[in-house]
Structures are given as structure tokens and as C-alpha cells.
Amino acid sequence: PPMPLRQVMQKGEDFARETFRWFAHAVDHAEAFCHELEVYAPSPIAFARTGTLRLAETRAQAAGFQAAAEALDRIGVTRRFIPRRELDLPSGHHFSAGLADSRSAILNPANLHLALAKAALESGAGLSEKTEVQAIETVTEAGGVVLRGENFSTSAQKVVVATNGAIGRSLVPFRDFLIPV
């Protein structure tokens, strides 16, 4: 199976089932959140459940897709393996198989970013761009956190982490909770 699935499945079927359940809930939550933010967006955020189709170029990749679909089926996660003979592709395309996921979604990340920034500013939040947070520390008596960087320290009740997909050393403990958009 593809590497991320292999890593999840190595932790056991219960862990894998819960991980995929969490992901499905996260997509549902993202959809509702995008709809709430539409009033702040200059143009539609355009959240849409489009699904994905991964195509295998080699027989080895196709075998991995088939194994992934079977492993996911065992834990109740539906992904459809599509053998080459069922792929409806224009002539000249020579893929070995496909793996379809109907639960995936897309959105316009630029409009989401603009809507988030506008909503945050209108609510009184502060935004700090190009500011590396080097440590996030829990403050137990206040219930919030302290953020520390090279030339700053600030506290907050809640923190929204927005990155370009790369995470610094300080975010490693949170990597399982970050979803790239």
C-alpha cells in the first residue's frame, strides 16, 4: 500500500479506523467552516466534494492501489480500485489502474486565506506574518498559551496555526492535527 496508509495500518486497524473517521469529520467541519466564512470572502471559497482519482503508471503501483483498497475495505473505509480495463481514458494514456476516493474535497485556498484574515481582524484578533514561533507553552492558570520567538513573547487564549505546509520544530508535536489547505 502507499506509504501513509502503510504507516497508519502498522499502528493497528483500530487506530487506522479512528484516523480515517477523524479525517472524514475534519472534512465535514472544513465544509461547514468554509460556508460560515463565505460572508468574508472577496470571491467564493468554492468548497466542493469532488473526490479524487489516483492513477497508477506501473503494475507495481496498481498492486499497491489494490492492496490499499482491500486494507481500507477491511476497516470500513471505501476506496474503489479500478482495474485498467475499466479506466475510461482517452487513447494514448497507458495507466495500469486507478484508486477512487469519493470523500475528498477541494477549495480555493487564496479566498479561504483572505476570508480568514478578514474575519480574524474584524473579531479583534492580531495577525503576525513572517513571524517564526519557536515555542508554544501552555499556561495552566489562564488556560491559554504563550508563544515565544526570537524577539517576542505573547499570550493568547487560542491559536490558529497557518503555514505553507512546512512545519517548524515547535509544531512537531501538533503535526497530526495540521491539515494542509
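L107 is found in the loop that connects β3 (97–101) with α4 (109–122). Although L107 and E31 are 76 residues apart along the chain, their C-alpha atoms are separated by 9.1 Å.

The average pLDDT of the protein chain is 84, and 84% of the residues score at least 70. Strand β2 (residues 80–83) has the highest confidence, at 94, whereas helix α1 (residues 3–10) has the lowest, at a mean of 68. Where pLDDT is low, predicted coordinates should not be read in detail.

The largest nonpolar core consists of nine residues, namely V27, C34, L37, A41, I45, F47, L112, A115 and A119. Both α2 (13–37) and α4 contribute at least two residues each to this core. A further core, of eight residues, lies apart from it and includes M9, A16, A71 and L72. In soluble globular proteins, nonpolar side chains tend to be buried together.

The description now turns to a sheet. Three strands, in the order β4-β5-β6, make up an open sheet with antiparallel pairing. Its edge strands are β4 (135–138) and β6, each of which pairs on one side only. On average, neighbouring strands of this sheet are turned by 25° against each other when direction is ignored.

The two pairings within the sheet can be followed strand by strand. Between β4 and β5, which run antiparallel, there are four bridges. In this part of the sheet, A135 stands opposite R148 of β5. Strand β5 (residues 145–148) is in turn joined by four bridges to strand β6 (residues 153–156), again in an antiparallel arrangement. Within this second pairing, L147 has T154 of β6 as its bridge partner. Strands β5 and β6 form a hairpin, and four residues lie between them.

Methods: Residues numbered from 1 in each chain as written. Predicted model: local features only at pLDDT ≥ 70, side-chain atom pairs only at ≥ 80, totals over all residues. Heavy atoms only, no water. Pairing = 2+ DSSP bridges. Core = buried A, V, L, I, M, F, W, Y, C linked by side-chain atoms within 4.5 Å. Buried < 20%, exposed > 50% of the residue type's maximum accessible area, 1.4 Å probe, protein only. Axes fitted to C-alpha atoms, helices over the stretch in contact; angles between N-to-C directions. pLDDT = per-residue confidence, 0-100.
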